[in-house]
Structure formats: structure tokens, C-alpha cells
Amino acid sequence: MRGLNGKVAVVTGGAQGLGKAIAHRLSEEGCKVWIFDLKQQEGTETTKTIRLATGNPVYFVKVDISKEDHIEKAFLQVAEESGIVDILVNNAAQFIFRGIEATAQEWKEILDVNIVGNSLVTQYCVPLMKKAGAGAIINLSSVSGFVGQTGFATYNATKFAIRGLTKCWAIDLSDFHIRVNSVCPGYIRTDAFDNSCIQLGIDPEEENARISKLHILGRQGTPEEVSGVVAFVASDDASFITGEDFMVDGGYLAK
Ligand SMILES: NC(=O)c1ccc[n+]([C@@H]2O[C@H](COP(=O)([O-])OP(=O)(O)OC[C@H]3O[C@@H](n4cnc5c(N)ncnc54)[C@H](O)[C@@H]3O)[C@@H](O)[C@H]2O)c1
């Protein structure tokens with residue numbers, strides 16, 4: 001893809017799942033990638049794996065995006081070593097699935113990561129993008145940011161809000177040549193999916209079959225099918241696209 005080689009990219013939640021695939025793809029495209037994640041061990045292993053596979057620089061910083069001092073310190077490190085940021089992927093998320101019964105504490109926990117955390121990461125990143133003279137911000141929303149789902153109020157409210165942030169930031173940052181878009185996956189089969197099925201005592205294959213039927217294409221997506229779209233949106237091939245939502249949902253919303 002055009003314009004990715006040599007760019008500096010920050011991917012939050014890049015230790016595993018979609019974030020790992022996104023970090024890998026951006027590294028394959030020639031980006032210098034910074035992974036911010038809570039999980040030290042997974043983050044370090046992922047960084048090593050990607051670096052070995054692509055031969056490009058990949059760095060890991062242990063960051064809890066619900067803590068402003070962590071974010072500030074992490075971007076100081078990026079500024080010191082890379083000087084600028086060209087691409088930010090706001091991918092890290094807290095998963096709390098609760099309906100009307102959600103407690104104030106549960107709301108606080110999910111909002112602190114999915115809304116306040118993503119917003120502060122972006123706030124601290126923008127000066128480094130202004131220094132670069134341009135930038136691309138990609139926020140991970142979901143099909144859950146378009147429709148209601150049973151018992152999902154806490155999560156879906158944040159995924160709707162991320163699309164709102166995308167549109168407001170696209171307007172606020174346009175003067176600085178910073179494009180802001182959302183990528184909205186359907187169900188994507190990750191290790192976390194299989195692990196949470198096992199924890200809940202559900203057979204992952206049976207659950208996969210049930211969820212697959214929700215998509216016109218009759219299956220869950222792969223992390224690589226999301227990372228390819230993120231790379232496109234970050235690249236110069238998408239230079240006239242901002243404030244937009246990109247569905248990667250196997251037709252989930254088309255029915
Ligand atoms: N997997 C799916 O089916 C799916 C579908 C639609 C949207 N999404 C979105 O894609 C993104 C990634 O999802 P995933 O399935 O890969 O999740 P995942 O749980 O596999 O990975 C999330 C990563 O974020 C990190 N993280 C969580 N809280 C953090 C914090 N406070 N600070 C720093 N890092 C933190 C975790 O440690 C983990 O490495 C999320 O925004 C999610 O809402 C996922």
C-alpha cells in the first residue's frame with residue numbers, strides 16, 4: 001500500500017488479537033511500530049515475533065490506557081526515540097457486557113478505557129502527528145456500534161460513542177491534515193474468543209457455528225481480514241477519506 005513504508009505507528013492493545021494482527025501488517029508494510037498494552041509478557045513475545053518475521057523495528061511499552069500518567073510517559077518515550085507519530089490505531093478495549101443492570105462501577109470501568117482512555121491516548125499523540133505534518137487515526141468500533149444486542153448495553157454504548165468521537169475528531173483535526181476513521185468488524189475469531197468460550201463452559205466450535213450464521217458470508221472473520229482494512233485506511237490510498245466508518249463484517253449488518 002502506498003505511503004506506509006518508514007511511517008511511525010502506535011497500536012494500542014497490540015499484544016494479542018486484532019491489535020497483534022494490525023501491528024504485524026503495519027510492520028510488514030514497512031512501518032516502525034509501537035505496541036502499547038497492559039500485558040507485559042504477551043506484548044514482549046508479540047513484539048519479538050513480529051520483529052523476527054518482518055525485520056522492521058517494533059517496540060513494546062507497558063501502558064494502561066485508563067491511566068493518564070502511563071499514556072504521558074509512553075508518548076515521551078516515543079517522542080524521544082521516534083520524534084513523530086504518523087499512524088495511531090486506537091484498538092485496546094475493555095469488554096464488559098451488561099444490560100440495564102450495569103452498576104456505576106462497571107460503567108466507570110468500561111468508560112475509563114474505551115472512551116476516556118482512547119481520548120487521552122489521542123490527545124497525547126496529536127502533537128507528535130502535528131510535528132509529522134499529517135497523520136491517520138483509526139478507531140476500532142464494531143457492528144456493536146450500529147445495532148442493539150441483548151445484554152450488551154455497556155459495550156455497545158462505547159462502540160457507538162467511538163464512531164461519534166471519530167466524526168468530531170475528523171472535523172477538529174482536518175486543519176492539521178490528520179484523517180480520522182473507524183473500522184467496524186463483525187465477529188472475528190481470536191484466541192480470546194476460544195478462551196472465553198472455554199471459561200464459560202461453552203464448546204468453541206458450537207459457539208462458532210452459532211455466530212457464523214449471523215454473517216451473510218457464513219463464518220467469523222479473521223484478524224488479518226481486519227488488519228488489511230486498517231492498513232488501507234492508514235495508507236495514502238485512502239488520502240481523501242476521513243470521518244468514515246469501514247464495515248468489515250461479512251455482511252452482518254446487511255440483513
Ligand atoms: N474480536 C472481535 O470479534 C471484535 C469485533 C468487533 C470489534 N472488535 C474490537 O477490536 C478491538 C480488539 O479486540 P480483540 O478481540 O482483539 O480483543 P483482545 O481482548 O483479544 O485484545 C485486546 C487487547 O487490549 C489490551 N487492553 C485492554 N485494556 C487495556 C488497557 N486499559 N490498556 C492497555 N491495553 C489494554 C489487552 O491487554 C489485549 O491485549 C477492540 O476494540 C474490540 O472492541 C473486536
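**Ligand site and helix packing**

Student: What is the distance from an oxygen atom of the ligand to an N or O atom in the side chain of Asp37?
Tutor: This is a predicted model. Asp37 is listed among the closest residues to the ligand, along with Asn91, Tyr155, Lys159 and Ile188. A polar contact needs N or O atoms within 3.5 Å. The Asp37 side chain supplies one such atom, and its distance from a ligand oxygen is 2.6 Å.

Student: Which residue has a backbone N or O atom 3.4 Å from a nitrogen atom of the ligand?
Tutor: Look at the backbone here. A polar backbone atom of Leu38 is 3.4 Å from a ligand nitrogen. A backbone N or O atom at 3.4 Å from a ligand nitrogen also comes from Val63.

Student: How much of the ligand's accessible area does the protein cover?
Tutor: On its own, the ligand has 830 Å² of accessible area.

Student: How many residues of the shell around the ligand are nonpolar?
Tutor: The ligand is surrounded by 26 residues. Of the shell, four are charged and seven are polar. The nonpolar count is 15.

Student: Are α4 and α5 roughly parallel or roughly antiparallel?
Tutor: α5 (153–173) supplies at least two shell residues. Helix α4 (residues 104–132) packs on α5 with axes 10 Å apart, at about 20°. Angles under 35 degrees count as roughly parallel. So α4 and α5 are roughly parallel.

Student: In which hand of crossing does α1 pass α2?
Tutor: α1 (17–28) also gives the shell at least two residues. α1 and helix α2 (residues 40–54) pack at about 30°, axes 10 Å apart. They are therefore roughly parallel. The crossing of α1 past α2 is right-handed.

Note on methods: Residues numbered from 1 in each chain as written. Predicted model: local features only at pLDDT ≥ 70, side-chain atom pairs only at ≥ 80, totals over all residues. Heavy atoms only, no water. Near = heavy atom within 4 Å. Polar contact = N/O pair within 3.5 Å; in protein donor to acceptor, adjacent residues only side chain to side chain. Areas by Shrake-Rupley, 256 points an atom, 1.4 Å probe, with all protein chains shown as cover. Helix = DSSP H or I, 4+ residues; strand = E, 2+ residues; numbered from the N terminus. Nonpolar A, V, L, I, M, F, W, Y, C, P; charged D, E, K, R; others polar. Axes fitted to C-alpha atoms, helices over the stretch in contact; angles between N-to-C directions. Parallel < 35°, antiparallel > 145°, perpendicular 65-115°, else oblique. Left-handed = near helix turned anticlockwise from the far one by under 90°.
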